[in-house]
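Reader: Hi! I'm new to this one, could you walk me through it?
Author: Happy to, let's have a look together.

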Amino acid sequence: MIGRLPIAKMFAATILLTVVISAVMVPINWDGEQASTAAPKIDTLLDVMIVLSAFVFSLVMVMLFYALWKFKVKPGDETDGEPIHGNTRLEVAWTLIPTVIVLFGAGYSWAVLSDIEKTDENRLTVDVFSQQFAWSFGYPEQGNAWSEGELHVPVDRQVEFKLHAQDVLHSFWVPEWRIKMDNVPGITTTAIVTPDKVGTYQLICTELCGFGHATMRATVVVEPPAEFREWTAAQKLTVPAPLMESIKQDSEVNPIPVGSGGA
Ligand SMILES: [Cu+2]
């Protein structure tokens, strides 16, 4: 006969292990510098998920090692195991706890996502063109000024990136902004970012797109608005007509989220 489990002790061990793992994992700066308004919110979300994962991991490990130690077969014991026909309380617990954790994670992520995707009235729109293996950028509000390989944006102003792909899937990722969105042929996808730190960063293609994928990068310059205006005015090329023509057929798949109050 199996005796009663030391639930209180196992729970205490689980909490202790959770605290130890979290104390090691949470202070690690996983994603580097924060350079957008979304970055701290995403990093906090990640930290909360780390703590929840540490709890689940600890719970499983404590039960596993308790079972290994407590129910190990004695030497010479040739009897069969106990005929156990379920345990309603245990089954309710192992259904309810993960359900609560997953629903909380979904709700919290949803709240963060709808917060960081909220659009401002005075946002700047920038077209992002991607092809094997290069990036170029169009500025529709600045006479369709065109820049190849170098993206400039003003600091502290929301930017709506309209992402286009000329050939295969690519993906738009500036790690310091924390935002990542796929560029998909035939459709226009959108990434909303408010850069809040002046500096030079790297735009990295993060969708395996062919032999040159690893080199598919562009320089990102976040600068004061006056410098941004000067820079766009100095761009003498405009977006080539065939490029503009090719994106006209695109359809929007991720329009502004419902309820965000955007245009
Ligand atoms: Cu790529």
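This is a predicted model: local features need pLDDT of at least 70, side-chain atom pairs count only at pLDDT 80 or more; totals for chains, interfaces and linings use all residues.

Reader: Thanks! How many helices and strands does the chain have?
Author: There are five helices and eleven strands. The radius of gyration of the chain is 26 Å, well over the 18 Å that the globule rule gives for 263 residues, so the chain is more spread out than a compact globule.

Reader: And what box do the C-alpha atoms fill?
Author: Roughly 85 × 35 × 35 Å, taken along the principal axes.

Reader: Let's go to the helices. At what angle do H2 and H3 pack?
Author: Helix H2 (residues 39–70) and helix H3 (residues 88–116) pack at about 175°, and their axes are 11 Å apart. Angles over 145 degrees count as roughly antiparallel, and H2 and H3 are therefore roughly antiparallel to each other.

Reader: Which residues make that contact?
Author: From H2 they are Lys41, Ile42, Leu45, Val48, Met49, Leu52 and Val56. H3 brings Ile101, Gly105, Tyr108, Ser109, Val112, Asp115 and Ile116. By class, the contact of H2 with H3 has ten nonpolar, two polar and two charged residues.

Reader: Nice. Switching to the sheet of five strands, what is the strand order?
Author: The order is S4-S10-S9-S6-S7, in an open sheet with mixed pairing. Strand S4 (150–154) and strand S7 (179–183) stand at the edges with a single partner strand each, so one side of each has no neighbour in the sheet. From one strand to the next, the twist averages 25°.

Reader: Which helix lies across S4 and S10?
Author: That's H4 (residues 225–234), which runs at about 140° to S4. Strand S10 covers residues 217–223.

Reader: What do S6 and S7 form, and what about the turn?
Author: They form a hairpin with four residues between the strands. In the turn, arginine 178 has a positive phi of about 70°.

Reader: Let's look at other backbone details. Where is asparagine 144, and what is its phi?
Author: Asparagine 144 sits in the loop between S2 and strand S3 (145–148). Its phi is near 60°, which is positive although the residue is not a glycine.

Reader: One last thing: is the peptide bond from glutamine 132 to phenylalanine 133 cis or trans?
Author: That bond is cis, with omega near 0°. Phenylalanine 133 lies in the loop between strand S1 (124–131) and strand S2 (134–139).

Reader: Great, thanks for the tour!

Technical notes: Residues are numbered from 1 along each chain as its sequence is written. Axes are lines fitted to C-alpha atoms, for helices over the stretch in contact, and angles run from 0 to 180 degrees between N-to-C directions. Helices (H or I, at least four residues) and strands (E, at least two) are DSSP runs, numbered from the N terminus. Angles under 35 degrees count as roughly parallel, over 145 as roughly antiparallel, 65 to 115 as roughly perpendicular and the rest as oblique. Two residues are in contact if their C-beta atoms, placed from the backbone, lie within 7 Å. Ala, Val, Leu, Ile, Met, Phe, Trp, Tyr, Cys and Pro count as nonpolar, Asp, Glu, Lys and Arg as charged, and the others, Gly among them, as polar. Two strands pair if DSSP finds at least two bridges between them. The radius of gyration is taken over C-alpha atoms; the globule rule is 2.2 Å times the number of residues to the power 0.38.
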